[in-house]
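I opened this entry to record what I looked up, item by item.

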Amino acid sequence: MPRKEAAKTASKIGCNVFDSVTQMTTILVVGIQDSSRLAGYGKSSKHRKAEKLIKKGKQIKILSELDFIKICNEEDKSLNLQPTIF
């Protein structure tokens, strides 16, 4: 799911969507990562930042794209989102 579509969907079910991970972040959705864009890391910088905040006691849920789609469909049955299969 493209980021813009995911953001629009999240907003539709009542989430506040931001471009970065901050102290106010409660959920991070991670999709399939292009390893050539990760600068040698196994996870994105947002994912790593969320994990650091979790270690400091912040309550952040890290969801896969599939979990995000399931939650969105449960919140709004009319969405009927389907995961992209590669």
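**Pocket lining**

I began with the lining of the largest pocket: H3 gives the largest share, seven residues. I took helices (H or I, at least four residues) and strands (E, at least two) as DSSP runs, numbered from the N terminus. The model is predicted, so I kept its limits in view: local features need pLDDT of at least 70, side-chain atom pairs count only at pLDDT 80 or more, and totals for chains, interfaces and linings use all residues. Residues are numbered from 1 along each chain as its sequence is written, and side-chain values use heavy atoms, with hydrogens and water left out.

I then looked up the volume of the largest pocket, which is about 1,600 Å³. Its lining has 44 residues, and the closest to the pocket centre are Arg3, Ala6, Leu28, Val29 and Val30. A pocket here is an open set of points on a 1 Å grid over the protein atoms alone, where a 1.4 Å probe fits, with protein on both sides within 12 Å along at least five of seven lines; lining residues have an atom within 4 Å of a point. The volume is the space filled by probe spheres set on the points, which are joined across faces, edges and corners.

Which elements each supply at least two residues of the lining? I noted helix H1 (3-12), strand S1 (27-30), helix H2 (45-55) and helix H3 (65-75). By class, the lining divides into 25 nonpolar, 11 polar and eight charged residues. Ala, Val, Leu, Ile, Met, Phe, Trp, Tyr, Cys and Pro count as nonpolar, Asp, Glu, Lys and Arg as charged, and the others, Gly among them, as polar.

**Helix H2**

I checked burial next (buried is under 20% relative accessible area, exposed over 50%, partly exposed in between; 1.4 Å probe, protein chains only). His47, Ala50 and Leu53 of H2 are buried. Seen down the axis of H2, the buried residues fall within an arc of 125 degrees, so they line one face; the arc is that of the directions from the helix axis to the C-beta atoms. They pack against S1 and strand S2 (61-64), contact being heavy atoms within 4.5 Å. Lys52 and Lys55 are exposed on the face turned away from the buried side. Just after H2, Gly57 has a positive phi of about 100 degrees.

**Charges**

I looked for salt bridges (a side-chain nitrogen of Lys or Arg within 4 Å of a carboxyl oxygen of Asp or Glu). The count is one. Glu51 pairs with Lys43, with the closest N and O atoms 2.7 Å apart. Glu51 is partly exposed at 27% relative accessible area, and Lys43 is partly exposed at 34%.
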